[in-house]
Amino acid sequence: MKKEIYIFFTALMFFTRIPCPKWVNHDPEYLRLSSKYFPLIGSIVGGIGAAVFYGASFLFSVEISLLLSIFATIYTTGAFHEDGFADVCDGFGGGWTKDKILHIMKDSRLGTYGTAGLLLILAIKFASLREIEVFYIPLVLISGHSLSRFIATTLIFTHPYVRDTEDSKAKPAAKSMSLFMLIVSGIFGIAPLFLFKNPWIFLTLIPMYLSKMFLGTKFTKWIGGQTGDCAGAVQQLSEVVFYLTIITLWKYIW
């Protein structure tokens with residue numbers, strides 16, 4: 001139990017800016033095992049966003065409350081996954097060989113493709129959440145953050161890590177995942193969906209996983225696998241796909 005607590009706090013420290021006990025560090029072994037708690041961390045991040053939205057809604061419009069909520073989640077993670085998504089946009093948009101793509105993704109500067117991609121995905125995220133019934137937005141936020149991180153862990157499970165440099169801080173977390181870790185990740189990721197009390201909600205898993213397969217195929221074609229940035233891109237895309245699928249379900253099925 002003590003080891004699992006250590007692993008959980010390692011995940012919390014790595015994936016967020018939430019203060020952790022001083023005895024927690026970036027031990028490579030614990031960091032490798034921390035990926036199974038990725039969706040649980042997502043629930044916490046989504047919970048913070050939901051709390052900010054709920055509190056702000058007493059004072060401001062839905063639009064402002066949503067913007068504050070999105071800001072809160074980005075601040076909580078230090079834009080960890082948004083940065084990965086932007087790096088993937090820059091790398092695959094401007095690179096034509098594996099080495100060039102990996103080099104661009106490692107560059108800390110933000111390029112045209114990354115800027116455009118980031119603006120568009122944040123705009124779609126905001127617009128899709130605005131179309132969801134206000135009562136459900138907190139639960140949708142928690143579920144979207146949790147489930148999208150589970151989808152990201154499936155990329156780590158199915159695609160090999162390809163970056164050769166040993167100085168990548170994300171390498172231990174993105175390098176490998178056992179079947180047991182994937183199952184634990186799935187339990188944490190899917191759990192919030194039961195709160196909807198409607199079996200149709202589980203249909204969201206299909207387009208979310210298809211979005212992962214789409215990016216995974218692209219990653220395999222151009223670089224032969226995945227990196228931490230690739231997992232971040234999958235998380236961001238599948239989160240948006242979750243919100244769009246919710247809208248579709250309510251419009252035609254729910």
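Residues are numbered from 1 along each chain as its sequence is written, and side-chain values use heavy atoms, with hydrogens and water left out. Because the model is predicted, local features need pLDDT of at least 70 and side-chain atom pairs count only at pLDDT 80 or more, while totals for chains, interfaces and linings use all residues.

User: What is the volume of the second largest pocket?

Analyst: On a 1 Å grid over the protein atoms alone, a pocket is an open set of points with protein on both sides within 12 Å along at least five of seven lines, and a cavity is a set where a 1.4 Å probe fits but cannot get out; lining residues have an atom within 4 Å of a point. Grid points are joined across faces, edges and corners, and a volume is the space filled by probe spheres set on the points. For the second largest pocket this volume is about 290 Å³.

User: Which helices each supply at least two residues of the lining of the second largest pocket?

Analyst: The lining of this pocket comprises 16 residues, with Phe-85, Cys-89, Ile-121, Leu-215 and Leu-237 nearest its centre. Helices here are DSSP runs (H or I, at least four residues), numbered from the N terminus. Those that each supply at least two lining residues are H5 (80–94), H7 (112–131), H11 (205–223) and H12 (228–252).

User: How many residues of each class does the lining of the second largest pocket have?

Analyst: Ala, Val, Leu, Ile, Met, Phe, Trp, Tyr, Cys and Pro count as nonpolar, Asp, Glu, Lys and Arg as charged, and the others, Gly among them, as polar. Under this scheme the lining has one charged, one polar and 14 nonpolar residues.

User: Is Ile-121 buried or exposed?

Analyst: Ile-121 is placed in helix H7 and is one of the residues nearest the centre of the second largest pocket. Buried means under 20% relative accessible area, exposed over 50%, and partly exposed in between (1.4 Å probe, protein chains only). Because its relative accessibility is 6%, Ile-121 counts as buried.

User: Which helix gives the most to the lining of the largest cavity?

Analyst: The structure holds one cavity of 30 Å³ or more, and the largest cavity has a volume of about 40 Å³. Its lining includes Thr-73, Thr-77, Glu-82, Arg-149 and Gln-236, and by class it has two nonpolar, six polar and two charged residues. Helices H4 (62–77), H5, H8 (137–158) and H12 each supply at least two lining residues. With three residues, the helix that gives the most is H4.

User: Which side chain of opposite charge is nearest to Glu-82, and at what distance?

Analyst: Glu-82 is found in helix H5, and its side chain makes a polar contact (a pair of N or O atoms within 3.5 Å; within protein, one must be able to donate a hydrogen and the other to accept it, and residues adjacent in sequence count only if both atoms are side-chain atoms) with the side chain of Gln-236 at 3.4 Å. Lys and Arg count as positive and Asp and Glu as negative, while His and the chain ends are not counted. A salt bridge is a side-chain nitrogen of Lys or Arg within 4 Å of a carboxyl oxygen of Asp or Glu. Glu-82 is buried yet has no salt bridge, the nearest side chain of opposite charge being Lys-125, 4.1 Å away.

User: How many residues apart in sequence are the parts that Glu-4 and Lys-36 tie together?

Analyst: The side chains of Glu-4 and Lys-36 meet in a salt bridge with an N to O distance of 3.0 Å. Glu-4 lies in helix H1 and Lys-36 in the loop between H2 and helix H3 (38–56), so the pair ties together parts whose separation in sequence is 32 residues.

User: Where in the chain do Arg-130 and Glu-63 lie?

Analyst: The side chains of Arg-130 and Glu-63 meet in a salt bridge (2.6 Å, N to O). The pair links distant parts of the chain, 67 residues apart, with Arg-130 in helix H7 and Glu-63 in helix H4.

User: Is Arg-109 buried or exposed?

Analyst: Arg-109 forms a salt bridge with Asp-107, the closest N and O atoms being 2.7 Å apart. Asp-107 is partly exposed because its relative accessible area is 23%. At 63% relative accessibility, Arg-109 counts as exposed.
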